[in-house]
Amino acid sequence: MTQEIKNSPVLEVIDLHVSIEDKEILKGVNLTVNIGEVHAIMGPNGSGKSTLANVLAGRPEYTVTGGQVLYKGMDLLSMLPELRAREGIFLAFQYPVELPGVRTWQFLKASVDAIRQHRGEKVLSVREFDKLLDEKREIVEMDTDLVKRSVNEGFSGGEKKRNEIMQMALLDPTLALLDETDSGLDIDALRIVSEGVNKVRSDKNAFVLVTHYQRILNYITPDYVHVLVDGSIVRSGGRELALELEDKGYEWLRDQVAV
Amino acid sequence: MTQTLTKYQQYETDYKSFDDSIGSGQPEWLRSMRLSAWSRFQELGFPTARRGNEPWKYTNVGPIADASLALATKPAQVTLDQIKATAPWDDSWLNMVFVDGHYVSEYSGSASGNVTVTSLAQAIANGDELVEQHLGQAPQFEEADGFVSLNTAFVRDGAVLHIKQGVTADKPVHLLFVSSGADEATVSHPRVLLVCEANSKATLIESFVGLDENVYFTNAITEISMASGAELQHYRLMQESEKSFHVGSARVQQESDSVYRSKVFERKVGLGRFDLYTNMDGEGSSCDLKGLYYTSGSQHVDNYININHQKPHSTSRLYYKGILDGKSRAVFGGTVYVQPGAIKTDSRQEDKNLVLSPDAEVDSKPALFIYADDVVCGHGATAGNIDQDTVFYMRSRGLDLEAASRQLIYGFADEIIEAVEDDGLRQYLEKLFLESLPSYKFEF
Amino acid sequence: MTEQRVISRATGVEDNEYKWGFDFDIESDKAPKGLSEDIVRLISQKKGEPEWMLEWRLKAYKYWLTLDNEEPKWANIDYPPIDFQDMYYYAAPKSSAEAPQSMDDVDPEIREAFNKLGIPLIEQQRLSGVAVDAVLDSASVATTYRKMLEEVGVIFCSVSEAVKTHPDLVKKYLGSVVPYTDNFFAALNAGVFSDGSFVYVPPGVRCPIELMTYFRINELNTGQFERTLIIADKGSYVSYLEGCTAPMRKTHQLHAAVVELIALDDAEIKYSTLQNWFPGDKEGNGGVYNFVTKRGAARGKNSKISWTQVETGSAITWKYPSVILQGDNSVGEFYSVALVNNYQQADTGTKMIHIGKNTKSTIIAKGISAGKAQNTYRGQVKIMPSATNARNFTQCDSLLIGDKCGAHTVPYIEVRNPTAQMAHEATTSKVDDSQLFYLQQRGIGLEDANYMIINGFCRGIFKELPFEFAAEASQLLRVNLEGTVG
C-alpha cells in the first residue's frame, strides 16, 4: 500500500466530459483533491454532481467523452469498478441498493477480504472480522441484527445511509465519495452519519461530499466548496461560499454564469 | 375426412351456394384465397380436441361444431329503435350498422370528415387496393385455427377503415354488428380491416349485440395494421344472446413507436371467445390491453391474448378483471413472448377474478416465454372473493353486508370502466355492467 | 456466525466441467437390451418377487404398450424420439446378488466408489445424523443406520426388500398416489422398476435422523427406473433427501422414476432433492433424460407434505412434484431452484390440488437460465368445489444470464370455490446492473458479485434444505454457474 502524504494530490480531474444516453451531463470539470482535504460539491438538481461521484466510482451507464482522471497518479478511468474500490475509492450511494437474500455479514466479509487480498494483507479470521465489524457498527449506532439481514432489504432510509457510513468505516478508503448522503435524513440520523464521517476523517484520506443543502456542512467542515451548475464548476471557495449559497440560492450563480 | 364432411355438412352446402352466388362477382385473388381457406377448414375443422390442445384447453367448442348453423344470406328486418334499445349508440360517432353480417346503409352514417370508411362488400366491388394489400395479412394467420379459415372462406362483408398519414380522426368509428336472432340459427362471418398510416390517431368501437335470445354464431375477425407512430384506441363489446356462440379475434400488427390501446368488455354470450394478438414488430411500440368480463348464468367466456415482443424497447401492459356468478365459467389465457434480441422489453400482465358463486369456475393461465435477457417482465393472477376484512371495516362504519359488498364489487368493475375515455360509451357500460352487478352471497 | 461446513463433493473445482463423471469398474449383472414381457418377468424373477407384484408389473407394462410410444408432448422440451428397445432395463452390481447383511458385507469396490462420490456408507464417515440408502444403477447396495431406525420402528429399506418383508404395506400403498395409468413414464416405471427406497414411519414417531438415498446411474445405455414409497403414519414426521449423479456418457441415459408419498392424519413429510445428473457436455452431447413423476397425498387431516428441489443437472428435466391436499387443513409446499446452462432443458414445477377444507399451499420457484438453455416453470393450482377456504400463494422468479437462453413461466390456475384465495406472481429479468455495481464498488469482482446475487436469489429455497445440504446446494450452484458471466 502506498503511503499517502498530506497535501499530495490523490485525485486530479482534468476537463472531464461525461454523457448518458447521448446527453452531455458533465461539460469539462476540473478538480484537484489532496490527501487530508474535504471538498464539498454543491449544486442545484440536475447539475451533474451525482454524475461526478458515480463516474469516479466507475458506474457503467455513463460514457466518458473527454478528459482525464488521475487517482494516486493512476489512470482511473481505465480501471474496473472493483479495482477502484480495492485501490481505496468508496462511494456512499445516494440510493443504496437492496440485495435480496445476500446477507450483510457475508457481503461485508467478501468485500473486506477482496480489499485486503488486493493490498497483500492477510484475510481476517471470522473472529477478527466480527470484532472489527462490531467496532464500526457502533460508530453509526447500528443494530446487531441488521448485519444478519439481507443487504439493505427492508431497511429504512436512515438505516440504509448509516449502513453506507458503516461500510465506509469498515473499508477504510483513501478517497470517500459521499453522494447526497444527507438527503432524506432526520436531524438525529444526520448527526450520527456526520459523526461517523468525522471519525473516519484523517490526514491519510480525503472526502468529496456531494450535497444539495449546506446543512450537513454544519457538522462536517469542508476545506473547499465547489459549485457545479449545468455540468461545470462555476465557483470555488471556502466554507463561507456554502453559507452564501444558502442565503442567495443557486439562481444567483446561474444568473452570473449567464452573464 | 369423411367424418369431417358429415359433421360440417351445413357449411359445405352453404359454401357451395355462397361461392356460386357471390364468389363469381369477386376478384380472382379473393376467390383463390377463399378456396384455400375452405380447404384449410376442411382439414382443420374446429379445434375440438380435448387432449394436447393448449389454446383451447379450457374451452370446449364441441357445441359449436355440433350445432346446425346456416349461413345468414340476408339481414333480418329490424328497426333502428330496436337496435338503439340494446346497443351503445351516440350520434357523435360514425356508426356503421351490420345486421346478421350484412352492411345496412340506411342505418349507417355516411363517411364524413377525415376518415375513410367503406363496407367490405363495397370495397371489394370497387376493387379497392387496400383490401388486396391487407386482407389476411395480419400476424399469426399461418397457424390460425379453423375459425379463422372459415371466416376467410366466407369473406363477403364487414368494414374497411383507412386512417391516412398524420390524420387524427375527428370522431370515433363505431362498427355495430347486430345479430337479429331470427328463428333460424344462423352464422355470420364479419371481417374488418383497419389500416392506420404513420402518425395517425383514431378510435374504433366494435360492438357485437344480440337482439333476441336465440342460437346464432358470430365468427368475427378484425385485422389492424399500425404504421410507425400510429395510435389507436380500440373498444370491443360482447353483448350477445345468452344462447349465442361468439368467436372473435383482433390481430394487430405494430410498427415502431405505435401505440395500441384496447379495452374489451364482455357481458353476455352463451359460449364466447376473443383472441387478441399484438405483434410488436417495431422498436418503441407499446400496447395497453384492458378487459372486464362479467359472467353469470351458464355463460362461458374465454379471453386468449398473445403479445409478441419482437423488437427492442417495446412496452406492454395487460390488465383484465373478471366477475363470475351463477354457473358461469371464465377463462383467461394471456401469453407474452419476448423474442431473441427484443431487449429492454417492459411487460406486465395481471388477471384478477372475483368468484361469487360456488358453481362458477375461473381458469387463468398467464404465461411468459422469454428469449432475451435484458428485460423486465412479470405477471400476476388472483382469484377469490371480496376481502372479508374490508367488508367488516365497512360494516363497522354502518353499511349493511349487502351494501358493503356491492360497493366493493362495483369498485372492482369500475376500475376498468372508468378508463373509457369516450363519455357516451362509458355511460352505456356503467349502465350495462354496474347496474346488474350481484352482491356477494355469504351462505353457500 | 461461523463458516458453513461444505461437503467435499463439489470442492477442488477449477472449471465448469462435470465433477462427478468418473465411472466405476464394477462388474454388473445386466438383462439383455430391450423391453418385452419376458424382461418384465425377468426383472421380477431376479428380485424374487411374489406373484402379485409380477401381475401388477405386467398390467402396467400392457397398459404402457397401449400408449404406443406416445410420450407426452405438451412440455416445452425438445429431444429426438427415444428408442425404448435400445436400452437395458436391468443392471445390478454382481456382488449384490446376495444382498449385504451388514456394512462389512458391502463390496469394498462399491464402498470405495461411493466414498469417491462423497457418499459415506461406513457409519464412521457418515454425514452426521443421516441414514443413507445408496442405489447404484438399479440396485440398493447398502442401508446405513438400520439398527437405530429399527429401535424406533422406522422401516427404511429398498423397495425390493419391502415387497418381501412388508407386503401388506406395499400392496396397500404402491400405486395409490401415482397409478400406472397416470402417464407414459409412470406406466413404464411400474412395469420395469428395479429398486428404490421404502420408508414407513409408524404412528407418533418422529424419525430421529434424516434419511437419504443416493442414486447413481453407472452402466452404459441403462435406464434407471427407481420407485420410492414413503408412508408417514398418523402423527409422524420424516425428512428424506435424495441426491443423484451419473457418469459422463456420450449417449443419453433415461431416468424415469416414480415417487409416492402418503401422509396420514397430523403427519408430515419433508422431501428434498439435490439433482445433479450429468447434464451433457458443452455442446449438448449426452446427459440424462430425467422424466420423473413425484406426487404426495396429504391424505390425513392436518397433514403436510413439503417438496424442496435443487435441480442443476440432467440434459432434460421433466418433473412436477405435486401434492394432493385431501385432508382438511392439510398443507402442501413446493420450493424449487432450477438452474440450466449450456444446452440443458428443464420443464419443471408442481401441482397443488386442493380438495379438503382449509387447505393451504405455497409455491416458491426460482429459475436460472444460462448458456443456450431453456427453463420452464409449469405449475397447476386447482381448487375443487369442496375446498372451502383454500389458500394458495405462488411466486415464480426467473433470472436470465446471457441473451441465448430462455426463461418461461406457465401457470395454470383453476378455481372452483368462491371462498378460495389464490395469488400468483411471477417476474423475469437479468441480474440487476445496479446490484452488480454496488457489489463491485465494494471491491467484489464481477463473477463473485453475480454469484452472490444469484445465491441470494435462491437463498429462500436453500434454507428449506437440511443444513449440510443447503451448503452443498449453494456449492452446486456455484460450480454450475462458473464461466457463465464476465
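1. To start with a term we need: a polar contact is a pair of N or O atoms within 3.5 Å, where, within protein, one must be able to donate a hydrogen and the other to accept it. Keep in mind that this is a predicted model. Across the interface of chain A and chain C, the rule picks out 14 residue pairs in polar contact, both residues being at pLDDT 80 or more.

2. Which elements of chain A are involved? Helix H3 of chain A gives the most, with seven residues. Sorted by class, that side of chain A has 21 nonpolar, eight polar and eight charged residues.

3. Now for the extent of the interface. Chain A brings 37 residues to the contact and chain C brings 20 residues. About 2400 Å² is buried between the two chains, and carbon and sulfur atoms give 63% of that area. On the chain A side, A:Glu82, A:Val97 and A:Phe107 lose the most area to chain C, together making up 19% of what that side buries.

4. How many salt bridges link chain A and chain C? The count is one. C:Arg442 pairs with A:Glu164 in a salt bridge, and their closest N and O atoms are 2.7 Å apart.

5. Finally, have a look inside chain C. C:Ser197 sits in strand S6 (residues 197–201). Why does C:Ser197 count as buried? Because its relative accessibility is 0%, and buried means under 20%. The side chain of C:Ser197 also makes a polar contact with the side chain of C:Tyr240, at 3.3 Å.

Definitions and conventions: Residues numbered from 1 in each chain as written. Chains lettered and ligands numbered in written order. Predicted model: local features only at pLDDT ≥ 70, side-chain atom pairs only at ≥ 80, totals over all residues. Heavy atoms only, no water. Helix = DSSP H or I, 4+ residues; strand = E, 2+ residues; numbered from the N terminus. Buried < 20%, exposed > 50% of the residue type's maximum accessible area, 1.4 Å probe, protein only. Contact = heavy atoms within 4.5 Å. Buried area = accessible area lost by both parts, 1.4 Å probe. Salt bridge = Lys/Arg side-chain N within 4 Å of Asp/Glu carboxyl O. Nonpolar A, V, L, I, M, F, W, Y, C, P; charged D, E, K, R; others polar.
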